[in-house]
Amino acid sequence: MSALHWLNGEAFTAFDQHVMWSDMIGNLLGLAALALGWRRAMLTWPVQLLSGVVLVAAFWSAHLGGGVGKQFVVVTVAVWGWFRWRGGRTDDAGRVAIRFATWRERAVLAVATGAGTAAVAGLFLAYPSLSWNPWPDAYIFTGTLAAMYAQARGWVEFWFAWLAVDLVGVPLNFHSGLPFSGLVYIVYFVLVIAGMYAWWQQTRRPDAGSRVRPSSTVAEGVTA
């Protein structure tokens with residue numbers, strides 16, 4: 001039996017919903033990555049990368065092209081975010097420094113998310129076999145990219161972006177035959193609210209100022 005076949009096999013059934021191993025394992029890893037991100041732990045990125053690899057199988061079986069593409073983007077951005085945090089600014093506790101984005105940065109992120117959603121949805125509409133629900137699928141694809149980009153930059157808005165993704169992701173996953181993903185998105189919602197509050201409070205602390213690792217050339221590009 002191949003690894004892909006096993007991942008897309010049934011783990012258990014609950015309330016007439018069939019849960020696949022890939023759906024369960026990938027989302028549990030995603031929860032762990034979000035919790036680690038809350039604590040600003042570097043391990044959040046490799047765990048997110050592994051989650052993306054496993055979830056490719058889940059979304060492929062559900063015929064959600066946006067979900068599959070999103071996970072490939074998750075893997076790519078996870079690698080980039082990992083290196084950015086390693087070479088970026090840190091606070092006095094040695095953790096990645098966080099801040100609120102400027103209004104200009106927020107506007108650019110919002111416009112890019114809107115344009116990206118329209119472009120991806122247009123692709124799905126042109127090739128219906130890629131996704132049975134083009135607009136929500138495209139929105140989640142682009143919104144996830146925006147959230148991970150904001151996380152890599154250390155912006156508190158990262159949590160707001162995840163919240164916007166969750167509001168669409170919960171019903172879409174239930175309707176797509178991925179009930180565990182839907183349930184996990186509900187847990188994501190709780191973690192996002194808690195993480196948002198935690199990061200918000202961190203920006204109010206006197207030691208929220210950051211310092212640059214002298215050995216890193218990447219650090220100079222962290223602040224906008």
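Trainee: At what angle do helix H3 and H6 pack, and how far apart are their axes?

Mentor: When two helices pack, one reads the angle between their directions together with the spacing of their axes. In this predicted model, helix H3 (residues 44–61) and H6 pack at an angle of about 165°, and their axes lie 13 Å apart. Because angles over 145 degrees count as roughly antiparallel, H3 and H6 are roughly antiparallel to each other.

Trainee: Is the crossing of H3 and H6 left-handed or right-handed, and which residues meet there?

Mentor: The crossing of H3 and H6 is left-handed. On the H3 side the residues are Thr44, Trp45 and Gln48, and these meet Met148, Gln151 and Ala152 in H6.

Trainee: How should I read the packing of H2 with H7?

Mentor: The reading follows the steps used above. Helix H2 (residues 21–38) packs with helix H7 (residues 157–175) at an angle of about 155°, with 12 Å between their axes, and that makes H2 roughly antiparallel to H7. H2 passes H7 in a left-handed crossing.

Trainee: Which residues of H2 and H7 meet, and how many of them are nonpolar, polar or charged?

Mentor: From H2 come Leu34, Gly37 and Trp38, which meet Phe158, Trp159 and Trp162 in H7. The residues of this contact divide into 5 nonpolar, 1 polar and no charged.

Trainee: How many aromatic pairs does the structure hold, and what is the geometry of the pair formed by Trp80 and Tyr149?

Mentor: For a pair of rings one reads the distance between centres and the angle between planes. The structure holds 8 aromatic pairs, and one of them, formed by Trp80 and Tyr149, is stacked, with 5.6 Å from centre to centre and 5° between the planes. Trp80 belongs to helix H4 (residues 65–87) and Tyr149 to helix H6 (residues 134–153), so the pair ties together parts that are 69 residues apart in sequence.

Trainee: What pLDDT does the chain average, and which elements have the lowest and the highest mean?

Mentor: A prediction should be read together with its confidence. The chain averages a pLDDT of 79, and 75% of the residues score at least 70. Among the elements of the chain, helix H5 (residues 103–126) has the highest mean, 94, whereas strand S4 (residues 211–212) has the lowest, 44. Over residues 208–224 the pLDDT is below 50, although this stretch has 41 contacts in the model beyond near neighbours in sequence.

Conventions. Residues numbered from 1 in each chain as written. Predicted model: local features only at pLDDT ≥ 70, side-chain atom pairs only at ≥ 80, totals over all residues. Heavy atoms only, no water. Axes fitted to C-alpha atoms, helices over the stretch in contact; angles between N-to-C directions. Helix = DSSP H or I, 4+ residues; strand = E, 2+ residues; numbered from the N terminus. Parallel < 35°, antiparallel > 145°, perpendicular 65-115°, else oblique. Left-handed = near helix turned anticlockwise from the far one by under 90°. Contact = heavy atoms within 4.5 Å. Nonpolar A, V, L, I, M, F, W, Y, C, P; charged D, E, K, R; others polar. pLDDT = per-residue confidence, 0-100. Phe/Tyr/Trp six-rings, centres within 6.5 Å; stacked < 30°, edge-to-face > 60°.
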